[in-house]
Amino acid sequence: TAERFFAVSNVLSSVVAGLAKEPSVRLLKHIIRCYLRLSENIRARDALRHCLPEQLWDPQFTACLRDDASTKRWLQQLMYAVGGGQ
């Protein structure tokens with residue numbers, strides 16, 4: 001349901017905001033994967049266009065992924081799925 005989606009999205013967004021203070025590549029990897037899985041649903045993908053954390057679009061924030069090819073690929077897939085950029 002929409003309520004469940006927004007509950008999950010709010011928690012993930014809060015964790016991303018926390019990563020700005022205390023970075024964790026491992027946690028960021030899992031968050032990106034969660035968002036990517038959510039984006040597989042058409043309605044969720046549309047909603048993510050409006051509520052995906054801005055930090056995920058920031059190359060400085062995601063620079064920690066430079067040595068993690070699979071997570072970088074997932075992030076690119078996510079960006080493409082929700083509109084290719086903001």
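Val25 has its place in helix H2. The model described here is a predicted one. With a relative accessibility of 35%, Val25 counts as partly exposed. When residues up to four places away in sequence are not counted, Val25 touches Cys64 and Leu65. Leu12 lies 13 residues from Val25 along the chain, and the C-alpha atoms of these two residues are separated by 15 Å.

Gln76 belongs to helix H4. Is Gln76 buried or exposed? Gln76 is exposed, because its relative accessible area of 57% is over the limit of 50%. Between Gln76 and Lys29, 47 residues apart along the chain, the C-alpha separation is 13 Å.

Two further residues, Pro53 and Thr62, are placed in the loop between H3 and H4. Pro53 is buried, with a relative accessible area of 5%. Beyond its neighbours within four places in sequence, Pro53 is in contact with Ser13, Val16 and Tyr35. The C-alpha atom of Pro53 is separated by 8.8 Å from that of Leu12, although the two residues are 41 residues apart along the chain.

Thr62 also counts as buried, at 12% relative accessibility. Its contacts, with neighbours within four places in sequence left aside, are Gln55, Leu56 and Leu75.

The accessibility values of several residues are collected below.

| Residue | Relative accessible area | Class |
|---|---|---|
| Val25 | 35% | partly exposed |
| Cys34 | 38% | partly exposed |
| Pro53 | 5% | buried |
| Thr62 | 12% | buried |
| Cys64 | 32% | partly exposed |
| Gln76 | 57% | exposed |

In soluble globular proteins, nonpolar side chains tend to be buried together. In this model the largest nonpolar core has 21 residues, and those with the most contacts inside it are Leu28, Ile32, Tyr35, Leu52, Leu56, Leu75 and Leu78. Two or more residues of this core are given by each of helix H1 (2-21), helix H2 (25-38), helix H3 (42-51) and helix H4 (69-81). Which element gives the largest share of this core? That share, five residues, comes from H2.

Apart from its neighbours within four places in sequence, Leu56 is in contact with Leu28, Ile32, Tyr35, Phe61, Thr62, Leu75, Leu78 and Met79.

**The largest pocket**

Rolling a probe the size of a water molecule over the atoms shows where empty space is left. The largest pocket holds about 180 Å³ of space. Its lining consists of Thr1, Ala2, Phe5, Phe6, Leu38, Asn41, Arg43, Ala44 and Ala47. H1 and H3 are the elements that give two or more residues to this lining.

**The cysteines**

How many disulfides does the structure hold? The structure holds zero disulfides. Cys34 is in none, and the nearest cysteine sulfur, that of Cys51, is 14 Å away. Cys34 is partly exposed, with a relative accessible area of 38%.

Cys64 counts as partly exposed, at 32% relative accessibility, and is one of the residues touched by Val25.

Key: Residues are numbered from 1 along each chain as its sequence is written. This is a predicted model: local features need pLDDT of at least 70, side-chain atom pairs count only at pLDDT 80 or more; totals for chains, interfaces and linings use all residues. Side-chain values use heavy atoms; hydrogens and water are left out. A nonpolar core is a set of buried Ala, Val, Leu, Ile, Met, Phe, Trp, Tyr and Cys residues joined through side-chain atoms within 4.5 Å. Buried means under 20% relative accessible area, exposed over 50%, partly exposed in between (1.4 Å probe, protein chains only). Helices (H or I, at least four residues) and strands (E, at least two) are DSSP runs, numbered from the N terminus. Contact means heavy atoms within 4.5 Å. On a 1 Å grid over the protein atoms alone, a cavity is a set of points where a 1.4 Å probe fits but cannot get out, and a pocket is an open set with protein on both sides within 12 Å along at least five of seven lines; lining residues have an atom within 4 Å of a point. Grid points are joined across faces, edges and corners, and a volume is the space filled by probe spheres set on the points. A disulfide is a pair of cysteine sulfur atoms within 2.5 Å.
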